[in-house]
Amino acid sequence: MSGAETRWLTNDTAIIDLHFQGVSKVIAAYVLETGDGLALIETGPSSTLAALEAGVESLGRELADIRHLLVTHIHLDHAGAAGLVLRRNPDARLYVHEVGAPHTIDPTNLVRSATRIYGDQMEPLWGEIVPVPAERVVAVSDGGTIDVGGRMLTVIYTPGHASHHVAFHDVQHNFAFTGDVAGIRIPPSSDTLPPTPPPDIDIPLWHQSVQRLRELAPDRMLLTHFGVVNDVQAHLDLLDRRLDEWLALIESLVHQGIERDAMVERLVAHVATQMEADGMTEVSQQTALATPYGMAVDGLLRYLRKRARGTWDVVQTNGVGEDRTA
Ligand SMILES: [Zn+2]
């Protein structure tokens, strides 16, 4: 199950390929060896819990060794299995941004809104979603430092993809675990795509978060979708460009009165053309699993509507939007 992508990156940091929907290089989880058991960055969804367990075992450890769960945000592909992992590990804690934390304790709204989108695909895609006991949640915020068994991880608030998104900076290694804020890049492609699902995409905030990563200047970024990025600055420059391209494309299609489904086709065609022009390898299967293009269009349309209505401030204080998706 664990596959060739699962391996130690350093003597104390490993990547696990969760084989989401049976496909390699879609969702990663990271394992950190600490002075207090293992820390896991991203749990993946409940549907890949068996792959997580097999992955940890192939690294020579056990799921029961996990003491710390850190998630970049609460979307189901990143944090869906948190409740189940905590149930199996009675001493473990979950670290999550303060805005996302209440939705891990009571996932009712999260599940309801995801069900509205995924319908009968909820179970096969994401599996069971279990509430996290409140006393086991540690709410984190920007600038905070998490001491996981002597390994210091700084919390960097990075909204744009989600209003409660954080990245974790491993100070000692100068690694940044970037969740979705640094985009999707599926090896061997060097292209960088922005995951833009509803409900709280905010392009200017996203650019600011990218700038924060740029200034942080990590030696490596560790992406959830998927793996290690060494050419950090070039990657971030490309992400900025793609964000603007995608928004401009959808905005112009709105002005032309193009229907939503036709917009999805245009976006897919745009990505293919752009990748070819840049001499990049297309990895459409993994990319579409990480963020389906239909959802990317819906997220950008929702952002444009909010911006046009001028209700952005209201939506932001709402924190986790009600049509929360994965
Ligand atoms: Zn994601």
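Which residue in S11 does Asp-170 stand opposite? In this predicted model, the residue facing Asp-170 in S11 is Phe-175.

Asp-170 belongs to strand S10, which spans residues 166-170. On one side, S10 is joined to S11 by 3 bridges, and the two strands run antiparallel. They form a hairpin with 4 residues between them, and in its turn Asn-174 has a positive phi of about 55°. S10 also pairs with strand S9 (residues 151-157), again in the antiparallel sense, over 5 bridges. Within that pairing, Asp-170 is the bridge partner of Leu-153. In general, strands of a sheet pair through backbone hydrogen bonds, whether parallel or antiparallel.

In a regular strand the side chains alternate between the two faces of the sheet. S10 can be read in these terms: Val-166, Phe-168 and Asp-170 point one way, while Ala-167 and His-169 point the other way. Residues of both sets are buried. Because 5 of the 5 residues of S10 are buried, the strand is largely enclosed by the rest of the structure.

Strand S12 (residues 220-223) contains Arg-220, which is partly exposed, with a relative accessible area of 23%. Apart from residues up to four places away in sequence, the contacts of Arg-220 include Asn-174 and Phe-175, as well as Leu-9, Thr-10 and Val-228. Arg-220 and Ala-14 are 206 residues apart along the chain, yet their C-alpha atoms are separated by 13 Å.

Met-221 is one of the residues that touch the most other members of the largest nonpolar core, a set of 102 residues; Tyr-30, Leu-52, Leu-70 and Ile-146 are named with it. Helix H8 (residues 232-255) supplies the largest share of this core, namely 10 residues. Beyond its neighbours within four places in sequence, Met-221 is in contact with residues including Ala-176, Leu-213, Val-232 and His-235.

Elsewhere, an open sheet of 7 strands is arranged in the order S1-S2-S3-S4-S5-S6-S7, with mixed pairing. Strand S1 (7-8) and strand S7 (137-140) stand at the edges with a single partner strand each, so one side of each has no neighbour in the sheet. Strand S6 (residues 93-97) runs parallel to S7 and is joined to it by 4 bridges; here Val-96 has Ala-139 of S7 as its bridge partner. Helix H1 (residues 49-58) packs on the sheet, where it touches strand S2 (13-17), strand S3 (28-34) and strand S4 (37-41). The direction of H1 makes about 140° with that of S2.

Ideal angles for four tetrahedral donors are 109.5 degrees.

Definitions and conventions: Residues are numbered from 1 along each chain as its sequence is written. This is a predicted model: local features need pLDDT of at least 70, side-chain atom pairs count only at pLDDT 80 or more; totals for chains, interfaces and linings use all residues. Side-chain values use heavy atoms; hydrogens and water are left out. A nonpolar core is a set of buried Ala, Val, Leu, Ile, Met, Phe, Trp, Tyr and Cys residues joined through side-chain atoms within 4.5 Å. Buried means under 20% relative accessible area, exposed over 50%, partly exposed in between (1.4 Å probe, protein chains only). Contact means heavy atoms within 4.5 Å. Two strands pair if DSSP finds at least two bridges between them. Axes are lines fitted to C-alpha atoms, for helices over the stretch in contact, and angles run from 0 to 180 degrees between N-to-C directions.
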